[in-house]
Structures are given as structure tokens and as C-alpha cells.
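Please open the structure in your viewer and keep the selection panel at hand.

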Amino acid sequence: MDKNQADTLLIKGQYNDAIIIYSKLLEDCDISQQFSILSNRSLAYFKIKDYIGMKNDSIQCIKLNPNNSKSWGRLGGALYGLMKYKESLDAYTKANSKTKNKIYDIMINKTYNKMLSCGTEMKLKENKNFLNY
């Protein structure tokens with residue numbers, strides 16, 4: 001059992017099987033491999049709409065590499081799925097500050113509009129309350 005096998009399962013859409021292998025790999029891997037395994041497992045969690053698993057793995061990735069925009073973006077996606085729109089907006093904004101990306105811009109606007117439709121008020125331009133993990 002190795003990471004390539006799990007990655008292949010992920011690509012083939014066999015998300016639960018990939019999650020099982022990634023989880024087993026995390027038990028014995030060294031710290032240099034943790035980020036990649038957690039990042040891929042967070043994507044697998046996203047595919048099955050397990051936003052709690054995705055959130056937990058994204059937070060672990062951020063702890064390992066706080067400058068990785070993909071981890072912040074995945075955290076934003078997990079929080080959006082959990083209907084934590086303010087926190088999601090913070091994470092997407094942080095992701096976009098690390099690496100400008102059209103997808104992050106789209107998700108920032110989508111999340112902001114979702115907040116407005118839910119009756120949550122907030123200034124998008126002055127959003128400086130980023131998540132601290």
C-alpha cells in the first residue's frame with residue numbers, strides 16, 4: 001500500500017477507498033509526507049461531502065505549511081459546506097492573499113452573497129479577521 005495507489009483511487013473516483021489508504025499511510029509516514037497525504041485526503045473528503053474531515057485535514061495542512069493557498073482554499077470550502085460563511089470568507093480571503101486565483105475571487109463573492117442572503121452583514125473590503133490556525 002502506497003500513496004500512488006491512493007492517488008490512483010482518488011483519480012478514479014473511489015474516494016472512500018482512497019481515504020482508507022491515506023489514513024493508514026498517515027499512521028507510519030514521516031513528517032515530510034504528511035502534508036501531501038493530508039491534502040489529498042482533504043480532497044477525497046470534499047468529494048464525498050465530509051466537510052468535517054475536510055476541515056480537519058485542511059487545518060493540519062495549514063499548521064504544516066501556513067503559506068499554502070490550496071490549504072486555505074480547501075478550508076474555505078469545508079467551512080462553506082458546514083454553512084460557516086463568515087469563517088469560509090476569511091479562509092478564502094486568506095487563500096487569495098497567498099496566491100491570486102480567479103476561483104478564490106469567485107468563492108469570495110459567492111460566500112459574501114450567501115452571507116447577505118442569510119442576513120449576515122459584513123464589509124467585504126475591510127475583512128481583516130482572518131482565521132488563525
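**Before selecting.** This is a predicted model, in which local features need pLDDT of at least 70 and side-chain atom pairs count only at pLDDT 80 or more, while totals for chains, interfaces and linings use all residues. Residues are numbered from 1 along each chain as its sequence is written, and side-chain values use heavy atoms, with hydrogens and water left out.

**Colour by confidence.** The colouring to apply is pLDDT, the predictor's confidence in each residue, from 0 to 100. The protein chain has an average pLDDT of 90, and 89% of the residues score at least 70. Among the helices (DSSP runs of H or I, at least four residues, numbered from the N terminus), α4 (residues 51-64) has a mean of 98 and α7 (residues 102-117) a mean of 91. Select residues 122-126 next: pLDDT stays under 50 there.

**Select helix α6, residues 85-98.** The end C-alpha atoms of α6 are 20 Å apart, which agrees with the 20 Å that its 14 residues should span at 1.5 Å a residue; the expected span is 1.5 Å times one less than the number of residues. Of these 14 residues, 10 are buried (under 20% relative accessible area with a 1.4 Å probe, protein chains only; exposed is over 50%, and partly exposed lies in between). Tyr-85, Leu-89 and Tyr-92 are among them.

**Select Met-54, Gly-73, Arg-74, Gly-77 and Tyr-92.** Of the 15 residues that line the largest pocket, these five lie nearest its centre. Elements giving two or more residues to this lining are α3, α4, α5 and α7. Helix α5 supplies the largest share, six residues.

**Select Ser-42.** This residue lies in helix α3 (residues 31-47). Is Ser-42 buried or exposed? Ser-42 counts as buried because its relative accessibility is 1%. A polar atom of the Ser-42 side chain lies 2.7 Å from the backbone oxygen of Ser-39. Beyond its neighbours within four places in sequence, Ser-42 is in contact (heavy atoms within 4.5 Å) with Met-54, Asp-57, Ser-58 and Arg-74.

**Finish at Lys-63.** Lys-63 belongs to helix α4 and, at 53% relative accessibility, counts as exposed.

Methods: A polar contact is a pair of N or O atoms within 3.5 Å; within protein, one must be able to donate a hydrogen and the other to accept it, and residues adjacent in sequence count only if both atoms are side-chain atoms. On a 1 Å grid over the protein atoms alone, a cavity is a set of points where a 1.4 Å probe fits but cannot get out, and a pocket is an open set with protein on both sides within 12 Å along at least five of seven lines; lining residues have an atom within 4 Å of a point.
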